[in-house]
Amino acid sequence: MFTGIVEELGTVAVLEEQADAVRLTVEGSVATTDAALGDSIAVNGCCLTVAALGDGTFTADVMKMTLDKTSLGALTVGHRVNLERACTPQTRLGGHIVQGHVDTTGTILGRSPGEHWELVEIALPEQIQRYVVLHGSITVDGISLTVAELKDESFVVSLIPETLARTTLGFKQPGDPVNLEADIIAKHVERLIKT
């Protein structure tokens, strides 16, 4: 489990193509500080398992289903990625409950800079529209964000300078894909009502 509070921007160091997967190595000094084999680290919001550790790097195996469902399949060496270690019982829940199980991808539609913040509009795929509410939580590339405006087929988030400086949303542009994870509580409520 994660909280959607990005700890650092890492860098894709190696991508080893395999028949039906990719072996991904990421540089991240904070994420690897106390990492052990088998630990979970979220990469752009995707929960990955540490399969190997190096000097300030970790390697994870990314299967085809994850590559197809998320934006990880578009990564190349040198790409910057959001990193967050899994939370512990002592961790402050600064964002919201994030599983690292990406529901789908969206596309950045536009950016509107302000004096001290920036509005970013993101396409909202139909499959998760019912889970997104005005002023509710959504995870974008692993970042816990509040929905500032909700439209029929898109939503807007307002980014403060800290978020712009410390995450991939500081430099992603219109047309770029982002990983989206809807609030797990909404999904559980829906399931309970249906049964």
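## A first look at the strands

In strand 11, Val157 is the residue that Val120 stands opposite. Welcome to a predicted model, in which local features need pLDDT of at least 70 and side-chain atom pairs count only at pLDDT 80 or more, while totals for chains, interfaces and linings use all residues. Residues are numbered from 1 along each chain as its sequence is written, and side-chain values use heavy atoms, leaving out hydrogens and water.

Helices (H or I, at least four residues) and strands (E, at least two) are DSSP runs, numbered from the N terminus. Two strands pair if DSSP finds at least two bridges between them.

| Strands | Sense | Bridges |
|---|---|---|
| Strand 1 (residues 8-17) and strand 2 | antiparallel | 6 bridges |
| Strand 7 (residues 104-113) and strand 8 | antiparallel | 5 bridges |
| Strand 8 and strand 11 (residues 154-159) | antiparallel | 6 bridges |

Let us stay with strand 8 (residues 118-123) for a moment. In a regular strand, side chains alternate between the two faces of the sheet. Buried means under 20% relative accessible area, exposed over 50%, and partly exposed in between (1.4 Å probe, protein chains only). Strand 7 and strand 8 form a hairpin, with 4 residues between them, and Ser112 has Leu119 of strand 8 as its bridge partner.

Elsewhere, a closed barrel is built from 6 strands in the order 1-2-5-4-3-6, with antiparallel pairing. On average, its neighbouring strands are turned by 45 degrees against each other, direction ignored (axes are lines fitted to C-alpha atoms, for helices over the stretch in contact, and angles run from 0 to 180 degrees between N-to-C directions). Within strand 2, Val22 is the bridge partner of Glu17.

Glu27 also lies in strand 2 (residues 21-27). With a relative accessible area of 41%, Glu27 is partly exposed. Leaving aside residues up to four places away in sequence, Glu27 touches Gly10, Thr11, Ala13, Gly56, Thr57 and Leu83, where contact means heavy atoms within 4.5 Å. Gly10 is 17 residues from Glu27 along the chain, and their C-alpha atoms are separated by 5.4 Å.

Is Thr139, in turn, buried or exposed? Thr139 counts as buried, at 2% relative accessibility. Thr139 is found in strand 9 (residues 137-140), and among the residues that Thr139 touches, not counting those up to four places away in sequence, are Val98 and Asn179.
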